[in-house]
Amino acid sequence: MILTSGFSFESLLRGITGIVAILFVCYLMSFNCKRIDWKLVGGGLLIQFVLAIAILYIPFVGNLFEWIGKTFIKLMDSTHAGLSFLLGPYANRANGFSFLLHSLPIIIFFSALVSLFYHWGVIQRIVQGISWVLRKVLNISGSEGLAAAGNIFMGMLEAPVLIKNYIPAMNRSEIFLVMVAGLGSISGAVMGSYIGMLGGSDPATQVLFAKHLLSASIMAAPGAIVIAKMLYPQTEPVNDRIIEIEKVSKHANALDAIAAGTTTGVKLMVNVAAMLLVFIALVALVNFILEDFIGYHTGLNSWITKMTDGKSTGLTFQFITGIILAPFMWLLGVPLDDITTVGSLVGQKTILNEFVAYFQMNQWKNAGMFIYEKSLIMSTYLLCGFANISSIGMLIGGMGILAPDKKEWITRYGFPAMIGGALVSFLSATIVGMITG
């Protein structure tokens with residue numbers, strides 16, 4: 001049974017401690033800590049707190065997010081109709097869940113929908129509105145606001161396309177923010193896959209995870225601005241101007257947009273499937289060396305099993321990453337009984353990718369390895385981002401094409417941007433964990 005806990009002074013204190021710790025890390029890693037705009041930091045944190053409290057405690061806002069989540073689920077059901085036509089009885093989850101058959105195909109359909117909505121100008125209007133709010137409240141440039149807002153719906157390689165004409169004129173701090181915003185969020189195309197994976201076949205659980213994944217994606221926008229502007233403060237002149245997103249679609253009509261989105265979705269699905277196959281196989285190989293060889297012959301397996309009351313079966317990659325990150329997870333407010341479990345998920349997400357981590361999270365959730373519901377919720381936010389080692393190369397390659405003259409900067413800032421992207425997810429998870437108790 002997963003335990004629940006209400007809001008308490010302890011959760012508030014640990015949340016504040018976690019936020020201070022994250023900001024302190026940013027301060028220590030800052031390229032110029034003396035130029036940090038603390039007013040911007042305070043404004044960004046305020047937006048995150050308002051969003052989190054509104055989504056979790058204001059009925060109107062919470063119901064709105066649940067409605068959007070249910071819309072996502074209906075779209076996922078539509079994907080199932082297409083799968084049933086192609087696979088017949090094999091598409092039925094009653095015959096057993098298959099990640100390849102029941103989660104990955106959602107990427108194709110959602111990618112097609114994103115392309116269609118972009119063709120109609122829907123995404124552009126929403127992004128423009130969110131960008132205006134971020135620009136006014138946090139006093140950032142128009143291009144930065146568009147990039148941060150665009151990453152709510154689009155991937156780390158698609159969102160910079162919104163400002164492709166302005167990237168060559170952006171300074172170092174602006175480029176860095178675009179990179180952190182991309183690595184600190186996920187795309188709408190893969191969100192449906194996460195909902196399907198974590199929610200299973202239970203409608204209530206699907207709505208719960210859809211609500212929190214949507215919340216994590218939106219909270220990542222102001223969070224990315226806070227983290228990026230602390231790590232690389234604005235010290236150079238800004239050539240700011242009112243920036244409009246191109247309204248003209250590159251597709252001839254709606255059918256052409258759907259076809260292009262479908263093709264992109266297929267490529268993305270195949271890429272994700274291939275990465276999952278390779279990374280999970282590598283983890284199995286590493287675990288064979290650690291557990292079946294080192295752990296077995298040294299007796300560490302028995303000791304670890306006894307020390308963890310059977311929660312860990314021996315010296316594994318998951319156990320090692322969990323132990324390393326456990327203290328930081330406690331600092332962020334994760335319940336003590338779950339810090340190694342959550343720490344292991346964060347380690348897998350950073351070293352491998354978020355798909356592997358969410359897949360592991362789903363397996364552990366079904367196996368009853370989480371003691372507290374709060375740990376599940378915080379894990380949803382902690383893993384919600386592209387901040388992993390493999391994404392650095394993808395981001396450098398994608399943005400390098402858009403701004404070849406800035407490729408040296410982009411390459412130099414790749415690893416710090418990945419750390420910044422991870423801290424964005426940490427910040428959102430800490431705030432949500434603090435107010436949920």
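1. Which residues lie nearest the centre of the second largest pocket? They are Ile68, Phe72, Ile126, Phe153 and Leu214, among 22 lining residues. A pocket here is an open set of points on a 1 Å grid where a 1.4 Å probe fits, with protein on both sides within 12 Å along at least five of seven lines; lining residues have an atom within 4 Å of a point.

2. The model is predicted: local features need pLDDT of at least 70 and side-chain atom pairs pLDDT 80 or more, while totals for chains, interfaces and linings use all residues. Residues are numbered from 1 along each chain, and side-chain values use heavy atoms, without hydrogens and water.

3. The second largest pocket holds about 640 Å³ of space. H3 (59-87), H5, H6, H9 (188-199) and H10 (203-231) each give at least two lining residues; helices are DSSP runs (H or I) of at least four residues, numbered from the N terminus. The largest share, seven residues, is from H3. The lining has 19 nonpolar, three polar and no charged residues.

4. The axes (lines fitted to C-alpha atoms over the stretch in contact) of H5 (residues 105-120) and H6 (residues 122-138) come within 4 Å and cross at roughly 75°. H5 and H6 are therefore roughly perpendicular (65 to 115 degrees). Val114, Phe117, Tyr118 and Trp120 of H5 meet Val122, Ile123, Gln124 and Arg125 of H6, contact meaning heavy atoms within 4.5 Å.

5. His212 lies in H10. Leaving out residues up to four places away in sequence, His212 touches Leu56, Ile377, Thr380 and Tyr381.

How values were computed: Axes are lines fitted to C-alpha atoms, for helices over the stretch in contact, and angles run from 0 to 180 degrees between N-to-C directions. Angles under 35 degrees count as roughly parallel, over 145 as roughly antiparallel, 65 to 115 as roughly perpendicular and the rest as oblique. Grid points are joined across faces, edges and corners, and a volume is the space filled by probe spheres set on the points. Ala, Val, Leu, Ile, Met, Phe, Trp, Tyr, Cys and Pro count as nonpolar, Asp, Glu, Lys and Arg as charged, and the others, Gly among them, as polar.
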